[in-house]
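Notebook open, pencil ready. I want to walk through this model piece by piece and jot down what I look up.

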Amino acid sequence: MKFLLTCLALAAITFTGCDKIKKTLHLAPKEPVVAATPTPVPATPTPSPTATPRITANRNAGVIVLCYHRFEDINNAMVLKPADFEKQMQAIQDNGFTVISMQDFLSWRRDEKEIPVKSCLITIDDGYVSSYETAWPILKKFGYPFTMFVYINYINVGGKAITWDQLAEMRDAGVEIGCHSYSHQNLKGRSSKSAAEIKQLTYQGWLRKELADSKKVLEDRLGIKVSTFAYPEGAYNEEARKMVKEAGFEAAFVTYGMRNGFSNPVSDMIGRYAIEAGKPKTFEVAMAMIGGGMGPSMAMNAPTPSDLQTATSNLETTPAQGATVSEAKPLIKAVLSSLGAVEPDSVQMRISGFGVVPAKYDDATKTVEFQITQPLRDKEYTVILSAKVAGKKSESRWSFKFDPAAAKP
Ligand SMILES: [Zn+2]
């Protein structure tokens, strides 16, 4: 009987259309709305009639992430001119991307929310005041959400640095604040600038400071939950990745661009395109990474040279097409789900300089991968994938660059 009354009460409240009450119900769905009696709460929770049906994420969507730094009207390879930034913001729209918020991205990866098939995340690193003074007004004009990745030692130091007050203002306006370490030193810990601290704290202790303590400072100073981390210089190793998890980050970002899918890459290796004035091609590559006007149904039966290129842009690959890797033994990977019914035994991977490699194909995840064991030496590699789809052989290829110095400044 009490259950029935609760249902009626909840239904009545729902139909009043009062947003405030609905919000309260969502925030605390298990709290009794009808005056509580001292009887203990039943072990099985009462299903709430107002619970929204669970939304399953659209797993075929893709996300590109853009990474910016400074915005000034000067000629410097690392600094983007405001007018160029504004043009790019327009191009994002013109290329059919929807700029989504970091929280929507995370919800999607948790399988809780749908996002547009061509989605884009905008991130700004380091905490230059030009993010606040120059980029923000432009982003506001387009109504784009974005994320600031700041590092503790640079906040409030004067000069070109952002202040805590400015960050708080951004936070209040809904800007996502992410963590970019304490000192901005390469997390591999080999810089002479971090040597003294590592000696004092040990490498593990120093990593904890760079990841967990810096997160805590941001959370404490701004009263927020910090969910994301951007590796300084895009550099990481296994210890740093472990600390990312230990510190409780939901996602961490590197600086080689790729199409980020629903479950690939793993959450502590989300790819970003670093947009710099000195590398004007990067933005174009990013814009071409998803769709390119062709839907994912563009299968690779009877490929022609131009089809091959388009088909590749529909594959989730690691490394991404055109990306530069610094690891000598990278994992080569592609998700073939966009191709249709691939015959598992027919999947073959070739790598320039290696020939056919013993790649593993997992039909459950439609993922083919090969761990390079012999260190890379060439500047560029091409990966060629072939497979039978519905009885026809199809082929796809992509290339990536190798530069051992790529992750260094
Ligand atoms: Zn940085």
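**Around strand β6**

I started with Val150, which stands opposite Cys179 in β7. Before going on, I noted how the elements get their names: helices (H or I, at least four residues) and strands (E, at least two) are DSSP runs, numbered from the N terminus. The chain gets from β6 to β7 by way of helix α6 (residues 164-172), and this β-α-β crossover is right-handed. I had to look that word up: with the strands pointing away from the viewer, the path from the first strand over the helix to the second runs clockwise.

Two notes on what I'm looking at. This is a predicted model, where local features need pLDDT of at least 70 and side-chain atom pairs count only at pLDDT 80 or more, while totals for chains, interfaces and linings use all residues. Residues are numbered from 1 along each chain as its sequence is written.

Back to the strands. β6 and strand β7 (residues 176-179) run parallel and are joined by 4 bridges; two strands pair if DSSP finds at least two bridges between them. β6 also pairs with strand β5 (residues 118-126), in the parallel sense and over 4 bridges. There, Val150 of β6 is the bridge partner of Asp126. I also found a right-handed β-α-β unit made of β5, helix α5 (residues 129-142) and β6.

Which residues of β6 are buried on each side? Thr147 and Phe149 are buried on one side, Met148 and Val150 on the other, so both faces of strand β6 (residues 147-150) are covered. Buried here means 20 or more other C-beta atoms within 10 Å of the residue's own; exposed means 12 or fewer, partly exposed is in between, and C-beta atoms are placed from the backbone.

Is Asp126 buried or exposed? Asp126 has 20 other C-beta atoms within 10 Å, so it counts as buried.

Asp111 has a positive phi too, near 70 degrees, and is not a glycine either. I found Asp111 in the loop between α4 (102-109) and β5. Asp111 has 13 C-beta neighbours inside 10 Å, so it goes down as partly exposed.

**A helix pair**

Next I looked at helix α3 (residues 82-94) and α5. Their axes come within 10 Å and cross at roughly 25 degrees. Axes are lines fitted to C-alpha atoms, for helices over the stretch in contact, and angles run from 0 to 180 degrees between N-to-C directions. So α3 and α5 are roughly parallel to each other (angles under 35 degrees count as roughly parallel, over 145 as roughly antiparallel, 65 to 115 as roughly perpendicular and the rest as oblique). Which residues make the contact? From α3 I wrote down Pro82, Phe85, Glu86, Met89 and Gln93, and from α5 Thr134, Ala135, Ile138, Leu139 and Phe142. Contact means that the C-beta atoms, placed from the backbone, lie within 7 Å.

**An antiparallel sheet**

Further along, I found an open sheet of 4 strands in the order β11-β13-β17-β16, with antiparallel pairing. β11 (316-318) and β16 (360-362) are the edge strands, each pairing on one side only. On average, neighbouring strands of this sheet are turned by 10 degrees against each other, direction ignored. β11 pairs with strand β13 (residues 331-335) over 3 bridges, and Thr318 stands opposite Lys333 in β13.

The peptide bond from Thr318 to Pro319 is cis, with omega near -5 degrees. Pro319 sits in the loop between β11 and β12. I noted another cis peptide bond between Asn264 and Pro265, with omega about 5 degrees. Pro265 is in the loop between β9 (251-253) and β10 (273-274).

My last stop here was Glu327, in the loop between β12 (324-325) and β13. Glu327 is partly exposed, because 15 other C-beta atoms lie within 10 Å. Glu327 and Ala406 are 79 residues apart in sequence but 9.1 Å apart in space, C-alpha to C-alpha.

**Whole protein**

I noted 10 helices and 19 strands. Of the 409 residues, 36% count as buried. Among contacts between residues at least 6 apart in sequence, 66% join residues at least 24 apart.

Methods. Contact = placed C-beta atoms within 7 Å.
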